[in-house]
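Subject: Structure handover

Hello,

Here is the structure you are taking over. Please open it first, then read on.

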Amino acid sequence: MKLLNIWIVCLSSLLLTACGNRQTDEKTVSVTIEPQRYFAEKIAGNKFKINCVVPSGQSPETYDPTPRQMIQIGQSDAYLRIGSIGFEQAWMENIRKNNPHLQIFDLSEGMPMIQEEEDTHEHGDGHHHHHGGSDPHIWTSLAGGKIIAQNTLQAFIALDKENEDYYRRNYDKLMEEIDETALTVTGLLEPLKGTAFIIYHPALTYLADEFGLEQLSIEMDGKEPSPAQLKKLVEKAHGQNAKVVFVQMEFDRKNAELIAKETDCRLVRINPLDYNWSKELIHIAQSLANGKSD
C-alpha cells in the first residue's frame, strides 16, 4: 500500500508538471509505431514533434504504455492511429476518454482491409489484446504506404491549415521516395508470384497479397505452434518450395530456426517495425528474391 501511495504521488506530480508545461511546449503528435513516425516526420518537417508510443523492439500487439507515456500522449495535439493493432484496441478508448482535447486520426482509412482469424490475449494487468477482424499490418505494403502518407497529410492539414502548402510539398517529396521504392520492390517480387515464404508472426500479409505470394506463419493464432502444426507447416513449405524463413526481432528465434533447418530454408531477420520504412521494405524484398541469410 505504501508503494502504491508513492506511485500515485509521483504520477500526480507528473500530471501537474505536464499541465504547467503544455502552453510552452512545441506542438506534438503521437503515433503508435516507428514506421508511422517515419511518414509523419517526412510530412510534418519542423512544424510538429512526433512522439512514438511503442518503443523499438517491443510488440505493438501486446505493449502496455507506462504512466509517463500516457502523460506524453495527453500532452499531444493529436494521435495518429495505424488502425486496429493490439495496442490500439486495448488502449484507444481509454486514451480518448481521458484526453477529450485530443484529435484522433485513423491512417487506415481508405485501405482495403484483409481479414484475419479471431484471437484474444489476456494479460496479468487485466487488459485484453484482441486480434481478429482486420489485419492491422497495412504499412508492410506499397499500397499501404501510400494510404498512410495520404492520411497523414490530411491530418496535418486539419491540424494546421495555415501551413498546408508546406505539408503538401513535403508529401510530394515523400511520394517520389515511395514511387522509387515501389520500382525496386516490384522488380524484385514480380518474378516470385505464386511462391511461398515462412514468417514467425504474420506481418507481411498485405505485401504477400500485393505480389501474389503465400505467407506461411509459424505463430498459430498468436501462440506457439504445436508439434503437429509444425509438422504440417514443414510439409506445406516443402510442397510450395519456400526458400526463406523470416523472424522478427521482438520474437523468439527457436521455432524459426527449427523450421529453417527442417525446410532447408535460409533464416533472415527482418524488422517490419523499423523506422526507415523504405529501406526495410527493400530489405524484405531483396531477402525474398535472393534468399539473403541472416
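Below is what turned up, taken element by element.

Keep in mind that this is a predicted model.

Start with the open sheet that has the order 2-1-3-4. It holds four strands, and the pairing is parallel. Strand 2 (49–52) and strand 4 (103–106) are the edge strands, so each of them pairs on one side only. On average, neighbouring strands here are turned by 25° against each other, direction ignored.

Look at one pair in detail. Strand 1 (residues 28–31) runs parallel to strand 2, and four bridges join them. Ser 30 has Asn 51 in strand 2 as its bridge partner.

Two helices meet this sheet. Helix 5 packs on it and touches strand 1, strand 2, strand 3 and strand 4. The direction of helix 5 makes about 160° with that of strand 4. Helix 4 (residues 86–98) lies across strand 3 (78–81) and strand 4. Helix 4 runs at about 160° to strand 3.

**Helix 6 and its partners**

Helix 6 covers residues 164–189. Take its contact with helix 5 (residues 142–159) first. The two axes come within 10 Å and cross at roughly 175°. Angles over 145 degrees count as roughly antiparallel, and helix 5 and helix 6 are therefore roughly antiparallel to each other. On the helix 5 side, the contact includes Leu 142, Ala 149, Leu 153, Phe 156 and Ile 157. On the helix 6 side, it includes Tyr 167, Tyr 171, Leu 174, Ile 178 and Val 185. By type, the residues of this contact divide into twelve nonpolar, five polar and four charged.

Now turn to helix 2 (residues 34–44). Its axis and that of helix 6 come within 7 Å and cross at roughly 130°. That makes helix 2 oblique to helix 6. Helix 2 contributes Tyr 38, Phe 39, Lys 42, Ile 43 and Ala 44. They meet Tyr 166, Tyr 167, Asn 170, Tyr 171, Leu 174, Glu 177 and Ile 178 in helix 6. This contact has nine nonpolar residues, one polar and two charged.

Strand 7 (residues 196–199) is joined to strand 8 (residues 214–217) by four bridges, and the two run parallel. The partner of Ile 199 in strand 8 is Ser 217. Helix 7 (residues 205–211) belongs to a right-handed β-α-β unit with strand 7 and strand 8.

Strand 7 also runs parallel to strand 9 (residues 244–248), joined to it by two bridges. There, Ile 198 has Val 245 as its bridge partner.

Most residues other than glycine have a negative phi. Two residues here are worth a look on that point. Asn 241 is not a glycine, yet its phi is positive, at about 55°. Find it in the loop between helix 8 (227–239) and strand 9. With a relative accessible area of 48%, Asn 241 is partly exposed.

Asp 264 is not a glycine, and it has a positive phi of about 60°. This residue lies in the loop between helix 9 and strand 10. Is Asp 264 buried or exposed? The cut-off for exposed is over 50% relative accessible area, so at 72% Asp 264 counts as exposed.

Last, go to Leu 213, in the loop between helix 7 and strand 8. It counts as buried, at 11% relative accessibility. Its C-alpha atom is separated by 5.6 Å from that of Ala 196, 17 residues apart along the chain. Setting aside neighbours within four places in sequence, Leu 213 is in contact with Leu 192, Lys 193, Thr 195, Phe 197, Ala 208 and Leu 288.

Best wishes

Terms used: Residues numbered from 1 in each chain as written. Predicted model: local features only at pLDDT ≥ 70, side-chain atom pairs only at ≥ 80, totals over all residues. Heavy atoms only, no water. Axes fitted to C-alpha atoms, helices over the stretch in contact; angles between N-to-C directions. Parallel < 35°, antiparallel > 145°, perpendicular 65-115°, else oblique. Contact = heavy atoms within 4.5 Å. Nonpolar A, V, L, I, M, F, W, Y, C, P; charged D, E, K, R; others polar. Right-handed = clockwise from strand over helix to strand, strands pointing away. Buried < 20%, exposed > 50% of the residue type's maximum accessible area, 1.4 Å probe, protein only.
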